[in-house]
Amino acid sequence: MTSTVHRTCPLCEAVCGLTLTLDDGGHVTSVRGDKDDPFSKGFICPKGASLGRLDEDPDRLRKPLIREGELWREVGWDEAFTAVKAGLDRLADRRSIAVYLGNPNAHTMAGALYAAPLIKALGTRNVFSASTADQMPKHVASGLMFGHPLAIPVPDLDRTDYLLMLGANPLESNGSLCTAPDFPGRLKALRGRGGRLVVVDPRRTRTAALGDEHVFIRPGTDAYLLFGIVHTLFAEDLARPRHEVNGLAEVREAAKHFPPESVARRTGVPAETITRLARSWRRRPRPPSTPGSARARPSSARWPSGWWTC
């Protein structure tokens, strides 16, 4: 006898809808995307699809462990905390402590409530997490540009006509930090309404295959490509911010050293392609609306472009 329940995936901020099949013992036997979910519309990435195996993993920790030589022994919480205290008491300098926060802490009440007090009590600044391995540069850039590391801009996938995507493969992973359930469906809708998707990636991924253009690039040279684009924006007077921007003169000065011809040798991307990408970064009339779209606008409306990196 089996039963079906509906849940949301906790493994990223997109929180896609899941349809789980459970056996009599409550064990997950099947994970599928929930087609009735109004946001994800049945999409599921490999992380969500593996949720049942993750829950039933025989190596999953269910009790505290203490290492004795090369072996690990299961213990109760009292003994575990005693061992932790003894280990901390042996440290002469608390700054030698490092903390790694598991993923996804943002989806657990305990993680939100207790992580910060624990770190403060330990007296260390050596804090690492999935974010430091995956997205911390974006937090730093957002903090410097917008005043807070969580003020992260994301592309308006449902209202853009040009999306330049660097190093991301959302058809497989759904897109970290973009908060876009059913990312593949949104990309297909973008193209369906006449928009353009350009993917920059050294690999030919499923997302690159979906795009209107796939720009191959030498791994590790994204910064050069972006500076080549910025150089062209300034050189052709295409950088016209609507509001006052601090530091624009410094960016212009730095970009002078990265003309497309020079950048092309670093990235493997032809100079003419770099120039064309920069010129595409201009606001243009919106393409015709997708038939039946609730987001339809007058044909004279101006339609934004978007960049997204991962």
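## Exercises on an aromatic cluster

Ring pairs join Tyr224, Phe227 and Phe258 into a cluster. The model you are looking at is predicted.

**Exercise 1.** Work out how many aromatic pairs there are, and classify the pair of Tyr224 and Phe258 as stacked, edge-to-face or tilted.

*Solution.* Start with the count, which comes to 3 aromatic pairs. Next, look at Tyr224 and Phe258: their ring centres are 6.1 Å apart, and their planes meet at 55 degrees. Stacked needs planes under 30 degrees apart and edge-to-face needs over 60, so the pair is tilted.

Now place the two residues. Tyr224 is in helix α10, residues 222-235, while Phe258 is in the loop between α11 (248-255) and α12 (260-267). The pair therefore ties together parts that are 34 residues apart in sequence.

**Exercise 2.** Find out which class the pair of Phe227 and Phe258 belongs to, and which parts this pair ties together.

*Solution.* Here the centre-to-centre distance is 4.6 Å and the planes are 10 degrees apart, which makes a stacked pair. Phe227 sits in helix α10 and Phe258 in the loop between α11 and α12, so parts 31 residues apart in sequence are tied together.

Note on methods
Residues are numbered from 1 along each chain as its sequence is written. This is a predicted model: local features need pLDDT of at least 70, side-chain atom pairs count only at pLDDT 80 or more; totals for chains, interfaces and linings use all residues. Side-chain values use heavy atoms; hydrogens and water are left out. Rings of Phe, Tyr and Trp (its six-membered ring) pair if their centres lie within 6.5 Å; planes under 30 degrees apart count as stacked, over 60 as edge-to-face and the rest as tilted. Helices (H or I, at least four residues) and strands (E, at least two) are DSSP runs, numbered from the N terminus.
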